[in-house]
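These are my notebook entries on one structure. I record what I looked up, topic by topic.

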Amino acid sequence: MTAHFPPDAARPPRVGLFSTCLVDTIRPSVGFAAAKLLEDAGCEVDVPPQTCCGQPAFNSGDRATTRALAEQMIAAFESFDYVVAPSGSCAGMIKTHYPELFAGEPDWAGRVERFCAKVFELTSFLVDVRGVSAVDATYPGTVTYHDSCSGLRELGVKDQPRRLLASVEGLELEEMKDADTCCGFGGTFCVKYPDVSNAIVEKKAANIAATGASTLLAGDLGCLMNMAGKLQREGRPVRALHVAEVLAGMGDEPAIGEPAEKGAKR
């Protein structure tokens, strides 16, 4: 599937920012950071009224609800040149699984294919589509990066965030052991199998702590909330931030799960 490029290269590309449910309800600063990065990359950004991409329903086997949400997503965003999400999980849901939902329906097939072709995870869009190689940001400290499962395996997002992080002044990246293994969140997986989920994130937290990094970064808020919770329960002094916040120069926001008045101290 190829990318859908804007028909008029003389104008800024119109990007529909899919903020995702977790960003909208739990951490809006990630959405603001994503919008800043997209505008800095020369895009015209809009955030249309939107709903869930349907992933929780899909993972629960509720095809009817998933299909209804997918139709709403397509209607809300298909007029844009690109659709960008600060989440490999949600972008992966759309690009990988929407075609399954509409398979065998000639009236929908072309429309869904064109829509999916212009959906991107944030760092992939910046690097692979807009050719961004550096950002104007400072973050003095050592960080480690977790590769979220959907972004890595469904979208091939691995090198893109690291290339951008390499341009952040003062930032040092210390890779953790098994950075590309699951954190145990898995959306509804952590609810269905809490003991297994806890065992996985316990190992992940140990690998994070072993790097000596003061900050954990990732591209999916669900993974970050899961790992941040475990790190805090174990008393490990590691902040958790979405990679977009650091790339946008918003790394001084209170970390995930941190009291607002505490602020950023590295």
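I take buried to mean under 20% relative accessible area, exposed over 50%, and partly exposed in between, with a 1.4 Å probe and protein chains only. Threonine 66 is buried because its relative accessible area is 0%.

Basis of the entries. I note that this is a predicted model, in which local features need pLDDT of at least 70 and side-chain atom pairs count only at pLDDT 80 or more, while totals for chains, interfaces and linings use all residues. Residues are numbered from 1 along each chain as its sequence is written, and side-chain values use heavy atoms, with hydrogens and water left out.

Entry on threonine 66. I located threonine 66 in helix 4; helices (H or I, at least four residues) and strands (E, at least two) are DSSP runs numbered from the N terminus. Setting aside residues up to four places away in sequence, I listed Gly54, Ala57, Phe58, Met93 and Leu101 as touching threonine 66, contact meaning heavy atoms within 4.5 Å. The side chain of threonine 66 reaches the backbone nitrogen of phenylalanine 58 at 3.1 Å. I also looked up cysteine 90, which is 24 residues from threonine 66 in sequence and 13 Å away in space, C-alpha to C-alpha.

Entry on the helix pair. Helix 4 (residues 63-77) packs against helix 5 (residues 88-101) at an angle of about 115°, with the axes 11 Å apart. Axes are lines fitted to C-alpha atoms, for helices over the stretch in contact, and angles run from 0 to 180 degrees between N-to-C directions. From helix 4, the residues Arg63, Thr66, Arg67, Leu69, Ala70, Met73 and Ile74 meet Met93, Ile94, Tyr98, Glu100 and Leu101 of helix 5.

Entry on serine 87. I found serine 87 in the loop between strand 3 (82-85) and helix 5. Serine 87 counts as buried, at 5% relative accessibility. A polar atom of the serine 87 side chain lies 3.0 Å from the backbone nitrogen of cysteine 90. The side chains of serine 87 and aspartate 220 are joined by a polar contact of 2.7 Å. A polar contact is a pair of N or O atoms within 3.5 Å; within protein, one must be able to donate a hydrogen and the other to accept it, and residues adjacent in sequence count only if both atoms are side-chain atoms. Leaving out neighbours within four places in sequence, I noted Thr20, Glu121, Gly219 and Asp220 in contact with serine 87.

I traced an open sheet of 4 strands in the order 2-1-3-4, with parallel pairing; two strands pair if DSSP finds at least two bridges between them. Strand 2 (44-46) and strand 4 (119-121) stand at the edges with a single partner strand each, so one side of each has no neighbour in the sheet. The twist averages 30° from one strand to the next. Strand 1 (residues 14-17) is joined to strand 2 by 3 bridges, and arginine 14 stands opposite glutamate 44 in strand 2.

Entry on arginine 11. Arginine 11 is in the segment before strand 1 and counts as partly exposed at 29% relative accessibility. Its side chain makes a polar contact of 2.8 Å with the side chain of aspartate 81.

Entry on helix 7. In helix 7 (residues 122-129), 6 of the 8 residues are buried, so helix 7 is largely enclosed by the rest of the structure. I recorded strand 1, helix 2 (28-40) and helix 13 (243-247) among the elements that cover the buried residues of helix 7.
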